[in-house]
Structures are given as structure tokens and as C-alpha cells.
Amino acid sequence: MNTLATGLSFAATPLVAGLFDAPVGVAHYLVVGAILFTSGVVCMALKRNALGVLMGIELVLNGANVNFVAFSSPYLRGEGAASLGLDGQLIALFVILLAAAEAAVALAITLNFYNNHATVDIDRADDLKG
Amino acid sequence: MMSFGVVPLAGLVAAVAVDVPFAVVNWHSVLFLLFAAVACACAVAVVLADNVVRMAFYLVLSLAATAGLFFLAGAEFVGAMQLMIYVGGTLVLLVFGVMLTAQAPFVAIKTSAGDRVLAGMVGAALLAVLLQAAFRVEPWRRPAMAAVAAPAATPIGMALLGVRVDEPAAGVPTTAVRSGYLLPFEIVSVHLLVVLVGAAYLARAKRRRTPRSIDVAASSVGPVVTAREAARSSASALVSGGGR
């Protein structure tokens, strides 16, 4: 057990030491935003529950927000890098507000669909199919 | 899921304890790794979970960890709004939707395995493109530790009122006229009002119309009595009353 722990720490040291010493940059935030965005896209494409699709949309908007905040941050960029300044934070605020509005309307539509069809499976929403 | 998260974390803790001196540890990076791991793991768990209630729970965790990332990036006002509006408002709305529609057959709707494989391939391709783009630009990769900036709440509030008091972005001359955000603020507020009224209208309970009192009175007189006959009889009553 002890040897396993030392071996693990030795194997992880070069990677981990860099992660712990080096300051976090915009690229790190972009990675997190990319993972959130991809998860949201896959969630939107994959889920058959209408509320699952809504959650995917929330994840996508949140990934975009992470990118906006990272580009506007005064801590993360190196010398000479472009920056959004305060505009990024304001855009992120507007995205949060629009996400709230979108969630309200989408939830109302989902409840209406549930009232009319007695299901939330979006594969059953094929009334317009020719 | 848990073992996936725990093993690298144990490696990190061991490395910190054994090799990295305590004072050298950059706590900004450590907290970033913690919040980023929680946000990404919970976002992936939202995709992998089939139960819609668990999906909502993982989404709450992911968005809350993202608020932590906003705090670490120096956007404390946006982080607080994320916690209050997103986690406190939007997700509560979603959880209410889950509770209202969580009948037994719809709690876990399975997706077919072929669709899962296809979505995984498309997602991996998209992620590869995005990650490559993320590490492309050199100055984004090697940040300098900046001095502590002033809190951003006051500039944000002034910008929403149409007055910019913050420093211009890099490359923009100081004398340039910069637009405030008063008009988008007004548009968004009216938009939010309209959307909430529309949502309340869409999601209203469909009740059968209760008969009004005048309809009840008319139907009690009898279906054969039309309005014209009623008027004529009342007029003749008036005439006869006047002649009397």
C-alpha cells in the first residue's frame, strides 16, 4: 500500500507539480467550457425526456458563460493577450437572464405538451409529421 | 463514476503531501482544479444518468461549481448571480418541472445503444476541435499573476446605467467612446416580463368555463324565449302600463 502510494505520487509528480505551481490561464477555463459545452450538446441530442433536453441547453449556455468570464478576467491572461474587459461579465449576466427566461417558456411548453399528450417523451411529439 | 474521480484526486493529495512543499502550492490552482473537476464530472454525469431526478441533481452541482470558477476568475458579481438566479431560480423551476411530470414510465427513458455510440463519437470529435482551439494561443496559456483588481460590482452597476467607469480593454484607446448597457438592460427586463407572463399563460390550468350568472338566468327562463321576444313582451308591458 505504501509503495503503491509512493509510486503513484512519483508517476503523478511532473504533471501534478506543474498543475499546482503554474498559475491558471484562460486556456484552462476554455477546457472546462469545452467540456461543459460538449456535454450539453450530447445531452440535447441524446435525451428523450424533454426536461433532459432543457438541462442540456442549460449546460451549453453555462459553457459559453465560462468562456466569457475567462476572457474578461484580469487574473488569467498573459502579457499582451487580448481581453474583453468588463464586457464579458456583462454578456455573461445577460446570458444568465436570458437562460432564466428561456427555461420558463420551455418549461411551460413542456407542461402543455404533458397535459395534451400525457408524456414527456419528445419522440412522441410527431403530430406535424407529414 | 466515483472511482474515476477519486483516483486522480488521491494522487494529487499524495503528491502534495510528499513532494510539493506546502507554501509553494498555488491555492488558486488547487481550488481551480477542485471546482473544474466537480463541474466537468457532474456535467458528464448529467449525460450518463438515465434518471431525470439524478440529472437535475448533477446539474445543480455542476452549475454551483461553475459559480466557484467565476469567483476564482475575479467575476464575483457574476458568480453570485449565477448562484442566485441559475441555481436558486432556474434549476428550482426545472426541479418543479421534474416533479410535475415524474410519472413512473417517464422518470427513466432509455436511449438506444446505437444512439449513445453515435453521440459519443460526435461529442468526442467536437471536444477534440474545441480543446485544440483552446491551447492554440500562446498568451492565454502562460498567464502572469496579476495584481488584485478592484471589485467589479460597481462598474457593472454603472455600466447597466449607461456609464462606463471601468478601464478600457487592452488595445482600446482611453478616449474612445464606449457604449453602456442601459438599452440592453431595459430590453432584457421587458423581455423577462413578457416571457414570464407568456409562461404563466401557457402553463395555466385548463378549467371548464363556469357558467356566468346571466347565462344561468337566461337558461332558467327557458330555451324558447329569445331576446327579441323578451324585448317585445317587455315593450308591450310598458305600453299597456302607460295606457292604463
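Helices here are DSSP runs of H or I spanning at least four residues, numbered from the N terminus. The model shown in every view is predicted.

**View 1. Chain A is a run of four helices.** Along the sequence, chain A follows the pattern α-α-α-α. Its secondary structure comes to four helices and zero strands. Chain A has 130 residues, of which 52% count as buried. Take the contacts in chain A between residues at least 6 apart in sequence: 52% of them join residues at least 24 apart.

**View 2. Chain B holds 11 helices and zero strands.** From the N terminus on, its elements run α-α-α-α-α-α-α-α-α-α-α. Chain B has 244 residues, and buried residues make up 22% of them. Of the contacts in chain B between residues at least 6 apart in sequence, 47% join residues at least 24 apart.

**View 3. Chain A meets chain B.** The contact takes 83 residues from chain A and 92 residues from chain B. On the side of chain A that touches chain B, the elements giving two or more residues are α1 (2-21), α2 (26-46), α3 (50-72) and α4 (86-117) of chain A. The largest share of that side comes from α4(A), with 22 residues. By class, this side of chain A has 57 nonpolar, 20 polar and six charged residues.

**View 4. Helix α4 of chain A packs on helix α4 of chain B.** The axes of α4(A) and α4(B) lie 10 Å apart, at an angle of about 5°. Angles under 35 degrees count as roughly parallel. The two helices, α4(A) and α4(B), are therefore roughly parallel to each other. Their contact has 18 nonpolar, seven polar and no charged residues.

**View 5. Helix α3 of chain A crosses helix α4 of chain B.** The axes of α3(A) and α4(B) come within 11 Å and cross at roughly 170°. That angle makes α3(A) roughly antiparallel to α4(B). From α3(A), the residues in contact are A:L51, A:L54, A:M55, A:E58 and A:V69. They meet B:V78, B:T90, B:L94, B:G97, B:V98 and B:T101 in α4(B). By class, this contact of α3(A) with α4(B) has seven nonpolar, three polar and one charged residues.

**View 6. Helices α2 and α3 pack within chain B.** Helix α2 of chain B covers residues 27-48, and helix α3 of chain B covers residues 52-72. Their axes are 8 Å apart, at an angle of about 155°. That makes α2(B) roughly antiparallel to α3(B). The crossing of α2(B) past α3(B) is left-handed. Residues of α2(B) in this contact include B:H28, B:F35, B:A39 and B:V46. Those of α3(B) include B:M55, B:Y58, B:L69 and B:L72. The residues of the contact of α2(B) with α3(B) divide into 17 nonpolar, four polar and no charged.

**View 7. The largest nonpolar core has 81 residues.** Those with the most contacts inside this core are A:M55, B:A39, B:V46, B:L69 and B:A73. At least two residues of the core come from each of α2, α3 and α4 of chain A, and from each of α2, α3, α4 (76-101) and α8 (153-160) of chain B. Residue A:M55 is also among the α3(A) residues that meet α4(B).

**View 8. B:L69 touches residues of chain A and chain B.** Leaving out residues up to four places away in sequence, B:L69 touches A:Y29, A:V32 and A:V66 in chain A. In chain B, the residues touched by B:L69 are B:F35, B:A36 and B:A39. B:F35, B:A36 and B:A39 belong to α2(B), and B:L69 to α3(B).

**View 9. A:A118 has a positive phi.** A:A118 is a residue other than glycine, with phi near 60°. The residue sits in the segment after α4 of chain A. A:A118 counts as exposed because it has 11 C-beta neighbours inside 10 Å; the cut-off for exposed is 12 or fewer.

**View 10. B:L183 lies in helix α9 of chain B.** Helix α9 covers residues 182-202. B:L183 has 10 C-beta neighbours inside 10 Å, so it counts as exposed. B:L161 is 22 residues away along the chain. The C-alpha atoms of B:L183 and B:L161 are separated by 8.9 Å.

How values were computed
Residues are numbered from 1 along each chain as its sequence is written. Chains are lettered from A and ligands numbered from 1 in the order in which they are written. This is a predicted model: local features need pLDDT of at least 70, side-chain atom pairs count only at pLDDT 80 or more; totals for chains, interfaces and linings use all residues. Axes are lines fitted to C-alpha atoms, for helices over the stretch in contact, and angles run from 0 to 180 degrees between N-to-C directions. Angles under 35 degrees count as roughly parallel, over 145 as roughly antiparallel, 65 to 115 as roughly perpendicular and the rest as oblique. A crossing is left-handed if the near helix is turned anticlockwise from the far one by less than a right angle, and right-handed if clockwise. Two residues are in contact if their C-beta atoms, placed from the backbone, lie within 7 Å. Ala, Val, Leu, Ile, Met, Phe, Trp, Tyr, Cys and Pro count as nonpolar, Asp, Glu, Lys and Arg as charged, and the others, Gly among them, as polar. A nonpolar core is a set of buried Ala, Val, Leu, Ile, Met, Phe, Trp, Tyr and Cys residues joined through C-beta atoms within 7 Å. A residue is buried if 20 or more other C-beta atoms lie within 10 Å of its own, exposed if 12 or fewer, and partly exposed in between; C-beta atoms are placed from the backbone.
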